[in-house]
Amino acid sequence: MKAPASTFSKAPVKFRMPTADNLVPIRLDIEIDGQRFKDAFTWNPSDPDSEVAVFAKRTVKDLKLPPAFITQIASSIQSQLAEFRSFEGQDMYTGEKIVPIKLDLRVNHTLIKDQFLWDLNNFESDPEEFARTFCRDLGIEDPEVGPAVAFAIREQLFEVATQSVASARESRLSKKGRRGFEYVPASKAGGAVLDLVKLFGHKSSVVRKRKEWEVYEPIVDHLSNEEVDALEAREERNFRMILLCK
């Protein structure tokens with residue numbers, strides 16, 4: 001995916017998602033009386049909180065869920081929004097760095113594995129546009145795959161952004177005791193953070209190193225009904241085990 005060139009700076013910026021749209025990734029996984037509801041979507045943190053209750057009521061009505069889900073859905077969304085907003089106004093570092101993004105997900109009958117590098121300093125990047133191009137290039141026709149890919153990217157970028165806030169905080173403390181400090185962010189997304197300018201110039205937000213094309217070539221498998229049933233049964237068992245451990 002091609003994107004406008006970034007303006008690199010080692011100075012901190014105020015926390016936000018490192019994408020064109022400052023959206024919060026929201027994931028729901030709720031079970032009440034043996035009935036389970038799962039969903040994943042993005043939310044504009046600038047929207048009024050009253051919209052959360054409206055959304056929860058509409059979701060329960062549209063999906064014919066028990067009324068008890070309204071409170072749980074609203075509470076989960078508000079909790080995740082509160083976490084995002086707790087970082088707003090704080091400094092974070094992004095300049096001259098790219099981070100690895102990994103995809104390992106199943107959407108209906110489609111299994112996807114991939115790894116690529118994302119320019120954290122390009123605030124014009126668009127996960128949804130990348131996901132549309134990704135699906136088009138790989139011939140993926142399921143309309144639910146694109147949004148799932150974009151969401152997976154946004155989740156990981158949010159994780160990296162929150163870690164950048166912690167790193168910026170640590171750098172301020174370090175600068176008080178020594179000179180010549182150079183910030184190097186850490187990422188739970190995996191792997192070392194690389195210098196984008198030295199490796200690739202100012203060309204793109206999503207890149208693959210040539211020597212890794214074969215190693216990290218996208219893998220797309222189409223599962224049979226039997227394979228999907230087996231995976232869903234295993235996921236359900238894992239979910240039950242997690243509940244028992246709580």
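Visitor: Which residues in helix 1 meet which residues in helix 2?
Guide: V52, F55, A56, K57, T59 and V60 in helix 1 meet F69, I70, I73, A74, I77, Q78 and L81 in helix 2. Contact means heavy atoms within 4.5 Å, and helices (H or I, at least four residues) and strands (E, at least two) are DSSP runs numbered from the N terminus.

Visitor: How do those residues divide into nonpolar, polar and charged?
Guide: They divide into 10 nonpolar, 2 polar and 1 charged. Ala, Val, Leu, Ile, Met, Phe, Trp, Tyr, Cys and Pro count as nonpolar, Asp, Glu, Lys and Arg as charged, and the others, Gly among them, as polar.

Visitor: Where do the numbers come from?
Guide: This is a predicted model, where local features need pLDDT of at least 70 and side-chain atom pairs count only at pLDDT 80 or more, while totals for chains, interfaces and linings use all residues. Residues are numbered from 1 along each chain as its sequence is written, and side-chain values use heavy atoms, with hydrogens and water left out.

Visitor: What does the protein chain average in pLDDT?
Guide: The average is 82, and 75% of the residues score at least 70. pLDDT is the predictor's confidence in each residue, from 0 to 100.

Visitor: Where is pLDDT below 50?
Guide: Residues 179-204 are one such stretch, with 57 contacts in the model beyond near neighbours in sequence. Over residues 1-8 pLDDT also stays under 50.

Visitor: Other topic: how many aromatic pairs are found?
Guide: The whole structure has 11, counting rings of Phe, Tyr and Trp (its six-membered ring) with centres within 6.5 Å; planes under 30 degrees apart are stacked, over 60 edge-to-face and the rest tilted. One of them is F15 with F87, with centres 5.4 Å apart and planes at 40 degrees, so this pair is tilted.
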